[in-house]
Amino acid sequence: MSYCDGKWTPIIMMIVINAATGSVNAMVKKLLDGGLNHMVIATYRLAISTAFLIPIAYFWERKTRPKLTFSILCQLFFSALLGASLTQYFFLLGLSYTSATLACAFMSMVPAVTFIMALIFRIEKLNMKSKAGMAMMVGTLVCIGGALFLTMYKGVPLTTLHHKQAAASSPVNSRKHETKPEKWIIGCVLLFAGSSFFGSWMLVQANINRKYPCQYSSTVILSFFGTIQCALLSLIKSRDITAWILRDKLDVMTVVYAGVVGQGICTVGISWCIKQRGPIFTSIFTPVMLIFASLFDFSILHRDIYIGNVLGSVVVIVGLYVFLWGKIRQMNECAAKLPCQFDEGEEEEECKKGHPVVVPVTP
């Protein structure tokens, strides 16, 4: 009996990847609380990811890599601006104002946000008369409702005892971790902006994938462009060179971990799982990321977990699953309507059209 066969490997991998992503967000939040510039973190993460993925892209795709034209290079530069630079800018800035749990909840909205963008730009059509179309619309609205709930309502803390223990041991840290309501709302708006840029990137990258279908090579180029763009954004905000110096060993370890695991290994793993099971499958495991982010928030960062966080996150996840159910039903209907001249492999690719195969950035 083998548990690491084709059936279980993607499931185990997605659980590990989402757990790692949740832990990365919590650890990055700790760096932000320490005063480190959020774009410096983004630059280091992308640079480390680029170095990690270069040998993988070279050896795995050297025989299948098509010619890289100037047109594709320009499109990848624009794609990096959306999916790496602007996404990281708004997401990490929003994370600095809120918590890792809330950030992961907004990340869970990305499929629904991408769907809205696709409707706006008429990349995807919606049939409200079908059950699939109705489910996708309801799921999207529920996700948005959950996001508004997270933004506007915190409620009472569910972990008061833990908070009091942390406050007694370090009153200064306790006061520093308390977020003012206005900053909380601003942080939520920034997180939503980051999710929107990431959703927009998925539509742009899906088009590029058809012209340059090399997931790891595309990821390396995107990460490289993103590194340059994030560095420039950081220098525009502040030209203090000392901000780039990581003096604490824990800061160095966190940045390396975020780059290698959060950007590098997770990218490879998600890309492989998408090829094995499709993009819908990878979205199903989002709650794992949310759970681990909450655990790290509570146990390591000593932050309170509010009832508003829990209820809002549950609403977002419910909306996500309703949306995914509708999307799966739509894909099945699409497969059933395809002309018989397509073989099985072509049918699958046709129904997945519009979904990105490359995931260069995990915010």
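**Close-up views of a predicted model**

**View 1. Helices H2 and H10 make a left-handed crossing.** Here left-handed means that the near helix is turned anticlockwise from the far one by less than a right angle, while clockwise would be right-handed. Helices (H or I, at least four residues) are DSSP runs, numbered from the N terminus. H2 covers residues 38–61 and H10 residues 215–237; they pack at an angle of about 160°, with axes 8 Å apart. H2 is therefore roughly antiparallel to H10, a label for angles over 145 degrees. The axes are lines fitted to C-alpha atoms over the stretch in contact, and angles run from 0 to 180 degrees between N-to-C directions. Sorted by class, the contact of H2 with H10 has 16 nonpolar, eleven polar and two charged residues. Nonpolar covers Ala, Val, Leu, Ile, Met, Phe, Trp, Tyr, Cys and Pro; charged covers Asp, Glu, Lys and Arg; the others, Gly among them, are polar.

**View 2. Asparagine 18 sits in helix H1 (residues 9–33).** Asparagine 18 counts as buried because its relative accessibility is 7% (buried: under 20% relative accessible area, 1.4 Å probe, protein chains only). Beyond its neighbours within four places in sequence, asparagine 18 is in contact with Phe285, Thr286, Val288 and Met289 (contact: heavy atoms within 4.5 Å). Glycine 262 is 244 residues away in sequence, yet 9.5 Å from asparagine 18, C-alpha to C-alpha.

**View 3. Cysteine 188 and cysteine 214 are buried.** Their relative accessibilities are 1% for cysteine 188 and 2% for cysteine 214. Searching the whole structure gives zero disulfides (pairs of cysteine sulfur atoms within 2.5 Å).

**Notes.** Residues are numbered from 1 along each chain as its sequence is written, and side-chain values use heavy atoms, leaving out hydrogens and water. In this predicted model, local features need pLDDT of at least 70 and side-chain atom pairs count only at pLDDT 80 or more, whereas totals for chains, interfaces and linings use all residues.

Terms used: Helix = DSSP H or I, 4+ residues; strand = E, 2+ residues; numbered from the N terminus. Parallel < 35°, antiparallel > 145°, perpendicular 65-115°, else oblique. Buried < 20%, exposed > 50% of the residue type's maximum accessible area, 1.4 Å probe, protein only.
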